[in-house]
Amino acid sequence: MTEQHPTIKRFFAAMQAGATAEAEMMSLFADDAVYLEPFSGREREHRGKAAIRQAMAEGWKTPLPDMRIEIDRVHASGESVRVQWTCHSPALPGGKGSGENIFTLRGGTIVRLETRLSMG
């Protein structure tokens, strides 16, 4: 795994843990953070920690079985960190899917997170 910012490491550990890491996950976000995600089939924007918690909780209801996230590449520039990843689970077509997260950090806290899925 490529060396990462501590906040990013904590984020991916919480993602893999799922609902049991809700408090840890939410501690990483600023109160006024913005989260953009495509998991409903279209991009949705969630503003504020309460809205982000609700979006995360939707995914925690039906977690991917045997999920493992592999960090492929990390590129940091100032307060922006781009992470390319591969998610492994038997529930995904071909057993895996990939994408990237673009984090904007302020003082070690996530103020903006955009998740993009790779197609193909």
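Strand 5 and strand 6 form a hairpin with two residues between the strands. In that hairpin, Gly107 takes a positive phi near 60 degrees. The model is predicted. Its largest pocket holds about 960 Å³ of space, and its largest nonpolar core has 28 residues.

**Strands and their partners**

- Strand 5 covers residues 96-106. Eight bridges join strand 5 to strand 6, and the two run antiparallel.
- Within this pairing, Thr104 has Arg112 of strand 6 as its bridge partner. Ile102 is partnered by Glu114, also in strand 6.
- Strand 5 also pairs with strand 4, again in the antiparallel sense, over nine bridges. Here Ser80 stands opposite Thr104 of strand 5.
- Val34 stands opposite Arg112 of strand 6.

**The largest pocket**

- How many residues line the largest pocket? The lining has 34 residues.
- Among them, Met15, Phe39, Leu64, Met67 and Cys87 lie nearest the centre of the pocket.
- Helix 1 (6-17), strand 1, helix 3 (49-61), strand 4 (80-88), strand 5 and strand 6 each give at least two residues to the lining.
- Helix 3 supplies the largest share of the lining, with five residues.
- The lining divides into 19 nonpolar, eleven polar and four charged residues.
- Empty space shows up when a probe the size of a water molecule is rolled over the atoms.

**Aromatic rings**

- The count of aromatic pairs comes to three.
- Phe11 and Phe12 make an edge-to-face pair, because their ring centres are 5.2 Å apart and their planes stand at 90 degrees. Both residues are buried.
- Phe11 and Phe103 are also edge-to-face, because their ring centres lie 5.1 Å apart and their planes are at 80 degrees.
- What does the pair of Phe11 and Phe103 tie together? Phe11 is in helix 1 and Phe103 is in strand 5, so the pair ties together parts that are 92 residues apart in sequence.
- Phe11 counts as buried because its relative accessibility is 2%. Phe103 is buried too, with a relative accessible area of 0%.
- Ring pairs link Phe11, Phe12 and Phe103 into a cluster.

**The nonpolar core**

- Which residues of the largest nonpolar core touch the most other members? They are Phe11, Phe12, Phe29 and Phe103.
- Helix 1, helix 2 (22-27), strand 1, helix 3, strand 3 (68-77), strand 4, strand 5 and strand 6 each supply at least two of its residues.

- Leu105 lies in strand 5. Is Leu105 buried or exposed? Leu105 is buried, because its relative accessible area is 6% and the cut-off for buried is under 20%.
- Leu105 and Gln84 are 21 residues apart in sequence. Their C-alpha atoms are 17 Å apart in space.
- Phe39 sits in the loop between strand 1 and strand 2 (44-47). Phe39 is exposed, because its relative accessible area is 51% and exposed means over 50%.
- Phe39 is also one of the residues nearest the centre of the largest pocket.
- Along the chain, Phe39 and Ile52 are 13 residues apart. Their C-alpha atoms are separated by 13 Å.
- Asp66 is found in the loop between helix 3 and strand 3. Asp66 is exposed, with a relative accessible area of 66%.
- The phi of Asp66 is near 50 degrees, a positive value in a residue other than glycine. Most residues other than glycine have a negative phi.

How values were computed:
Residues are numbered from 1 along each chain as its sequence is written. This is a predicted model: local features need pLDDT of at least 70, side-chain atom pairs count only at pLDDT 80 or more; totals for chains, interfaces and linings use all residues. Side-chain values use heavy atoms; hydrogens and water are left out. Two strands pair if DSSP finds at least two bridges between them. Helices (H or I, at least four residues) and strands (E, at least two) are DSSP runs, numbered from the N terminus. On a 1 Å grid over the protein atoms alone, a cavity is a set of points where a 1.4 Å probe fits but cannot get out, and a pocket is an open set with protein on both sides within 12 Å along at least five of seven lines; lining residues have an atom within 4 Å of a point. Grid points are joined across faces, edges and corners, and a volume is the space filled by probe spheres set on the points. Ala, Val, Leu, Ile, Met, Phe, Trp, Tyr, Cys and Pro count as nonpolar, Asp, Glu, Lys and Arg as charged, and the others, Gly among them, as polar. Rings of Phe, Tyr and Trp (its six-membered ring) pair if their centres lie within 6.5 Å; planes under 30 degrees apart count as stacked, over 60 as edge-to-face and the rest as tilted. Buried means under 20% relative accessible area, exposed over 50%, partly exposed in between (1.4 Å probe, protein chains only). A nonpolar core is a set of buried Ala, Val, Leu, Ile, Met, Phe, Trp, Tyr and Cys residues joined through side-chain atoms within 4.5 Å.
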